[in-house]
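This report describes the fold and packing of a single protein chain. The sequence and the model are shown first, followed by an account of selected regions.

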Amino acid sequence: MSFFISKEDLEYLYFVENLSYSKIEKKLNLNRGVIYHWFKKYEIKPRNYSDAGKGRKFTDEHKKKISFSNSKPHTEERKKNISNSHLGKNLTDEHKDKIRSKFIGLRPGFKHPMWKGGRSTFRNRLQQSSLYKEWRKSIYDRDLYKCQICNSGGKLNSHHIIKFSKIVEDYNLLKYEDYIMCNFLWDIDNGITLCEKCHHSIKGIEEKFEEKFKSIIYEKKKNV
Ligand SMILES: [Zn+2]
């Protein structure tokens, strides 16, 4: 991603100019979704959920100074900082709601996708969703793009520690909307990076690895 925006500029557009995510994207001529990443990286709280930004004063000088650099490349250090900033962070509620809202109502009456055929189609569709992609990316970022069993950085998979199908069963997820709305399914702490080979090697015995994986994530969070 080559687009860069400072935290101050973003806060200004959001809290002072009162623009929505999508308006900011339009104003800066960005693709959809780009701004989400920066809100997340800077941990800017959505205005509906907190008082952040209320009564915040931006001086005229600050307003004048605001400039948007679309071409500033990321230095290695910056990339590292961004990567580290994902450690232990979950998607904000607003972020999830926004992404979810795109899906609500898309498939009325689409029931029991996991059990009544169409399973792979359904799973594929879910994996193409921005919520899934964002979940996976947050996990890869936190795990620094390394398999958490063998430490390889080859072809990576994101694995649900508590199995996907178990969550589906436990939470009685039936419709596409149910999946999108199930926080636990998108809990970053319930995901771990595995290489394809290791992922394949635990197929069918995933439950035996739950505790081990949980403690890996726990250690990571403790050391942030
Ligand atoms: Zn591996």
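## Isoleucine 192 and the nonpolar cores

Leaving aside residues up to four places away in sequence, isoleucine 192 touches Ile139, Asp143, Gln148, His159, Ile161, Phe213, Ile216 and Ile217. The model in which these contacts occur is a predicted one. Isoleucine 192 is also among the residues with the most contacts inside the largest nonpolar core, together with Trp135, Cys147, Tyr179, Leu194, Cys195 and Cys198. That core has 19 residues. At least two of its residues are supplied by each of H8, helix H10 (176-181), E2 and helix H12 (210-222).

Another core, of eight residues, lies apart from this one and includes Ile5, Tyr14, Ile35 and Phe39. In soluble globular proteins, nonpolar side chains tend to be buried together.

## Overall organisation

The protein chain contains 12 helices and two strands. Along the sequence, the elements follow the pattern α-α-α-α-α-α-α-α-β-α-α-β-α-α. Of the 224 residues in the chain, 18% are buried. Among contacts with a separation of 6 or more, 79% are between residues 24 or more positions apart.

## The strand pair

Strand E1 (residues 156-160) and strand E2 (residues 191-195) run antiparallel and are joined by five bridges. Within this pairing, histidine 159 has isoleucine 192 of E2 as its bridge partner. Histidine 159 is also one of the residues that isoleucine 192 touches. Four of the five residues of E1 are buried, so the strand is largely enclosed by the rest of the structure.

## Tyrosine 140

Tyrosine 140 belongs to helix H8 (residues 130-142). With 18 other C-beta atoms within 10 Å, tyrosine 140 is partly exposed; a residue counts as buried only if 20 or more such atoms lie within that distance. Not counting residues up to four places away in sequence, the contacts of tyrosine 140 are Tyr145, Leu156, Ser158 and Thr193. The C-alpha atom of tyrosine 140 is separated by 8.7 Å from that of asparagine 157, and the two residues are 17 residues apart along the chain.

## Helix H3

In helix H3 (residues 34-42), the buried residues are Ile35, Trp38 and Phe39. Seen down the axis of H3, these buried residues fall within an arc of 100 degrees, so they line one face of the helix. They pack against helix H1 (7-16) and helix H2 (21-27). Ile35 and Phe39 are also among the members of the eight-residue core. Just after H3, glutamate 43 adopts a positive phi of about 55 degrees.

## Asparagines with positive phi

Most residues other than glycine have a negative phi. Asparagine 151 has a positive phi, near 70 degrees, and is situated in the loop between H8 and E1. Asparagine 151 is exposed, having 10 other C-beta atoms within 10 Å.

A positive phi of about 50 degrees is found at asparagine 172. Asparagine 172 is located in the loop between helix H9 (164-170) and H10. With 8 other C-beta atoms within 10 Å, asparagine 172 is exposed, the limit for this class being 12 or fewer.

Terms used: Residues numbered from 1 in each chain as written. Predicted model: local features only at pLDDT ≥ 70, side-chain atom pairs only at ≥ 80, totals over all residues. Pairing = 2+ DSSP bridges. Contact = placed C-beta atoms within 7 Å. Arc of directions from axis to C-beta. Core = buried A, V, L, I, M, F, W, Y, C linked by C-beta atoms within 7 Å.
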